[in-house]
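Here's a quick briefing on a helical-packing question. Have a look at the model first, then read on.

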Amino acid sequence: MHGAQPVKTIALRSSMLIRACLALVVIACGLSLRWYGFPLGLPAFVVKYGGSLLWATMVVLLVGVLLPWLTRSQLAVITMAIAVVVEFSRMVHTPWLDAFRLTTAGALLLGRIFSLWNLVAYVAGIVVGVWLDRLVALRGPVGWAKAP
């Protein structure tokens, strides 16, 4: 009975590491899209909502890093809750929050303007995040691939 426990721990740690690496790749893609999308001539729609899609994908992966024992369905639900809270928080205006939103970090993490279309992009990003996690898991460590 005790022999199975270390394998599960190794699988969880491996899944956390893989998810963290994927999150870093997604962050790099999101920053590249925001910084170079317009200079490359990409449409505003692609830059704006592509960034939102990648933000949600990143959140799925980071929640998976923090809570590796959750199923992908649970990760999706938690990420959607975070996305809804962040999106609706844009309707809250306080001096310190507005000042933070004017910084690069604040704009990237919280955004500035409320839009229901962002929620659509977040759903797409969650689907991409869950798909990426499943795709990597199928090729990853034994035990991680069995997560639903």
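Predicted model: local features only at pLDDT ≥ 70, side-chain atom pairs only at ≥ 80, totals over all residues.

Residues are numbered from 1 along each chain as its sequence is written, and side-chain values use heavy atoms, with hydrogens and water left out.

**Overall make-up**
- The protein has six helices and zero strands, taking helices as DSSP runs of H or I with at least four residues and strands as E runs with at least two, numbered from the N terminus.
- Along the sequence that reads α-α-α-α-α-α.
- Among contacts (heavy atoms within 4.5 Å) between residues at least 6 apart in sequence, 63% join residues at least 24 apart.
- The accessible surface is about 8900 Å², by the Shrake-Rupley method with a 1.4 Å probe, and 78% of that surface belongs to carbon and sulfur atoms.

**H3 against H6**
- The axes of H3 (residues 72-89) and H6 (residues 116-139) come within 10 Å and cross at roughly 155°; axes here are lines fitted to C-alpha atoms over the stretch in contact, with angles from 0 to 180 degrees between N-to-C directions.
- That makes H3 roughly antiparallel to H6 (the label for angles over 145 degrees).
- Their crossing is right-handed, meaning the near helix is turned clockwise from the far one by less than a right angle.
- Residues in this contact include Ala-76, Met-80 and Phe-88 of H3, and Leu-119, Tyr-122 and Ile-126 of H6.
- By class, the contact of H3 with H6 splits into 12 nonpolar, two polar and four charged residues; Ala, Val, Leu, Ile, Met, Phe, Trp, Tyr, Cys and Pro count as nonpolar, Asp, Glu, Lys and Arg as charged, and the others, Gly among them, as polar.

**H2 against H3**
- H2 and H3 pack at about 130°, with their axes 9 Å apart.
- Among the residues involved are Trp-55, Val-59 and Gly-64 of H2, plus Leu-75, Ile-82 and Val-86 of H3.
- This contact of H2 with H3 has 10 nonpolar, two polar and no charged residues.

**Trp-69**
- Trp-69 sits in the loop between H2 (44-66) and H3.
- Trp-69 counts as exposed (over 50%) because its relative accessibility is 56%.
- Its C-alpha atom is 9.7 Å from that of Met-16, 53 residues away along the chain.

Methods
Parallel < 35°, antiparallel > 145°, perpendicular 65-115°, else oblique. Buried < 20%, exposed > 50% of the residue type's maximum accessible area, 1.4 Å probe, protein only.
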